[in-house]
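Thanks, everyone, for making the time this morning. I would like to walk you through the surroundings of the ligands, and I will begin with a term we need for that.

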Amino acid sequence: MFISNTANSSIAELLSNTSLNRQQIIQLLNLDGATTKNQLLKKAHQITLKYNNPQVYIRGLIEFSNRCQKNCLYCGLRRSNRIIERYMMTDDEIISAALYACKNHYGSIVLQSGESTDHRFCYRVTRLLKKIRHLTHGKLKITLSLGEQSKETYKTWFENGASRYLLRFETSNPRLYQMLHPQDSNHSFDKRLEALFHLRDIGYMVGSGFMVGLPTQSIGDIADDLLFLAQLDVDMAGIGPFICHSQTPLYNLKGTLLPEDDRLFLTLKSIAILRLLMKEINIAATTALETLSVEGRKMGLLAGSNVIMLNLTPDRYKTKYTLYEKSKNHRSYEGINNKTIHQSIPSGIKIAYSDFGDSIHYLKRQKRL
Ligand code: SAH
Ligand code: SF4
C-alpha cells in the first residue's frame, strides 16, 4: 500500500475542499474506521442528498446470457471456464422481464451479458430493443452492458432505444490491466477506452468504473482510478469490490488479497470520495457489495450511492451468472414490494418509482437542465 509522507491536511479541511488532488485522495483512502464512518461517509451522503433527488433510483437488472467470447482473468464467465453451464434467455423471457419492470414502475432496466460481437447477437439485441421500446411506450429507459462493440453497433443500438451504457475500465493502470487480461488484441486497454469515447460521442449516458482490492492494486492506483472517472467526465459510476472465483486464474492469488471486510470498507471509501469529486452523477450501490455484507447495499446508499440494481433474471439462470462466487447474502428474488428491498434502503430515503432517474450530470451536459 502507498502511504503518503507529505504533510496531511485536516480531514475537515479536505472534506470542504472544492477539489481534491491525488495526495489528498490517498489521505482519505487511508482513513481509519471511525473517522471514515463519522466524517467521510456522512459528508458524501449529505452531498448526495443535496445535489441529487433525495431518492434512490431503481434499475431492473436482466442478466440475459453468460456466454462470453473474452477471457478476463478475474471473471467466472470467461471463455475458458468449462465448468459453468452456459445459457441464453429467449426473447420472450427477456421481454417479459422488461415488462415486469415497466408494470412495477422501475423506470429503467439494464440488459447485461457476457461479450459477443457476433453479428447475429448484435442484430438480436437491436430487435429486442425495438420490441421493448414498442411494448413499453417509452416508459422504460434501457441501459446496455454488453462490453466492447464497434462504433456502428453502439450507434445502431442507440438509434433503436438504448440510451445508457455501462462499460467499466476495470483499472486505470495499464500495467495492472495487462496483468488482469490475456495479452491479445481482444483485451486491450486502449480499445476499452476507445469504446468509452465512442459511446460518449454517440450521445449515450455513459457509466464506467473499476474494481477495488485487485491483486497488486495499490492505494495510489485507486486514487488514480477515481481521478480517471472524473477526467472521463462519466455520467454514472459503478465501483465494486473484487471477489475471487475458483474457476479463474486469479484464484491462485487469493491469499494475497485484502481481507473481505477491508475490501468492503475500501470500496465504500472510494464511493464516498467519488461523490466528493462528482456531485451530480449517479453512483450504483453495486451487487458485489452485497456479496461481502448482507448490509452492503444500505452501506453503499449511506456512502454516496443513489442507485440500486434489482435482479430480475429468472432464478434458473441467475445462479449461472457467476462473474464472481456469490454468497448466501444474494437475494433470490427482487420484486419491488419485497421486504428485503425496503430493509436495504436507509430511513428517510424513498424509492423513486416510475422515474427514469437520469443523471443530473448528463442532463446538464446535454443542456437539458
Ligand atoms: N461483459 C460485460 C458485462 C458483464 S461483466 C463487460 O465485461 O463489460 C460486468 C462487470 O463485472 C465487469 O465490468 C467487472 O468489473 C465485474 N466483474 C467481473 N468479474 C468480477 C469479479 N471477480 N469480482 C468483482 N467484479 C467482477
Ligand atoms: Fe466476459 Fe465481461 Fe467477464 Fe470479461 S468481465 S469475461 S467480458 S463477462
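When I speak of a polar contact, I mean a pair of N or O atoms within 3.5 Å. Please keep in mind throughout that this is a predicted model.

With that cut-off in hand, let us turn to ligand 1, which is surrounded by 18 residues, the closest being Y74, R168, E170, R192 and I243. For E170, a polar side-chain atom is placed 2.6 Å from an oxygen atom of ligand 1, whereas at I243 a polar backbone atom is found 2.7 Å from a nitrogen atom of ligand 1. As for how much of the ligand is covered, ligand 1 taken alone exposes 540 Å², and the protein buries 93% of that. Ligand 1 sits in the largest cavity, and the shell around it is made up of nine nonpolar, five polar and four charged residues.

Let me now move to the second ligand. Where does ligand 2 sit? Ligand 2, too, sits in the largest cavity, and the residues that surround it are C68, K70, C72, Y74, C75, L77, R78 and G114. Sorted by class, this shell around ligand 2 holds five nonpolar residues, one polar residue and two charged ones.

How values were computed
Residues are numbered from 1 along each chain as its sequence is written. Chains are lettered from A and ligands numbered from 1 in the order in which they are written. This is a predicted model: local features need pLDDT of at least 70, side-chain atom pairs count only at pLDDT 80 or more; totals for chains, interfaces and linings use all residues. Side-chain values use heavy atoms; hydrogens and water are left out. A residue is near a molecule or strand if one of its heavy atoms lies within 4 Å of it. A polar contact is a pair of N or O atoms within 3.5 Å; within protein, one must be able to donate a hydrogen and the other to accept it, and residues adjacent in sequence count only if both atoms are side-chain atoms. Accessible areas come from the Shrake-Rupley method with a 1.4 Å probe; for residues, only the protein chains shown count as cover. On a 1 Å grid over the protein atoms alone, a cavity is a set of points where a 1.4 Å probe fits but cannot get out, and a pocket is an open set with protein on both sides within 12 Å along at least five of seven lines; lining residues have an atom within 4 Å of a point. A molecule sits in a cavity or pocket if more than half of its atoms lie within 2 Å of its grid points. Ala, Val, Leu, Ile, Met, Phe, Trp, Tyr, Cys and Pro count as nonpolar, Asp, Glu, Lys and Arg as charged, and the others, Gly among them, as polar.
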